[in-house]
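This briefing is intended for a reader meeting the structure for the first time. Please look over the sequence and the model before reading on.

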Amino acid sequence: MSRTVELAESGFDPAALLARFNAQLDGEGGVVSFTGYARGTAKDGQSVEALVLETYRGMTLASMEQIAADAHARFAITRSHVVHRAGTILPGEAIVFVAAASAHRRAAFEAADYMMDRLKTEAVFWKHEVKGGAKSWIEPTEADMEDASRWAAKQD
């Protein structure tokens, strides 16, 4: 079992991360990855100049590591890699990368989805958008919370 969690203070290359992840496979039959990017338009339709993610590094990493550990405990995955940006992120830049590997596809799909839902709602980040030179705080939406809550109802 291999589990890697990183907090990136600058940009990262999702394709290179996936290539490195795939190069370390040991016979797994399924790999699922997801990359999230900063949007240039806010939910209110305004242009976003930047997304700022503040952290308390130790606490943030601990929350990310717990999410990955829980995914390994819950799903039959053999490997995972999670990278999340912190700091100022411009529209179009990658914010998050998640990869999961397993003997069969279903566990990898579910583990990646589970990790993303929990990263979105539980990882320790303080987020705000910069629009028109002003900051506005971002909280998980009702839809984000519903996505995450479905895992509480599911039992493997």
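How many helices and strands are there in the chain? The chain holds four helices and eight strands, where helices (H or I, at least four residues) and strands (E, at least two) are DSSP runs numbered from the N terminus. This is a predicted model, in which local features need pLDDT of at least 70, side-chain atom pairs count only at pLDDT 80 or more, and totals for chains, interfaces and linings use all residues. Residues are numbered from 1 along each chain as its sequence is written, and side-chain values use heavy atoms, with hydrogens and water left out.

**Overall fold**
- Along the sequence, the elements follow the pattern β-α-β-β-α-β-β-β-α-β-β-α.
- The C-alpha atoms fill a box of roughly 50 × 35 × 30 Å, taken along the principal axes.

- Of the 156 residues, 44% count as buried, meaning under 20% relative accessible area with a 1.4 Å probe and protein chains only.

**Contacts**
- Leaving aside neighbours within four places in sequence, Met64 is in contact (heavy atoms within 4.5 Å) with residues including Val5, Leu7, Val82 and Phe125.
- Among contacts between residues at least 6 apart in sequence, 76% join residues at least 24 apart.

Note on methods:
Buried means under 20% relative accessible area, exposed over 50%, partly exposed in between (1.4 Å probe, protein chains only).
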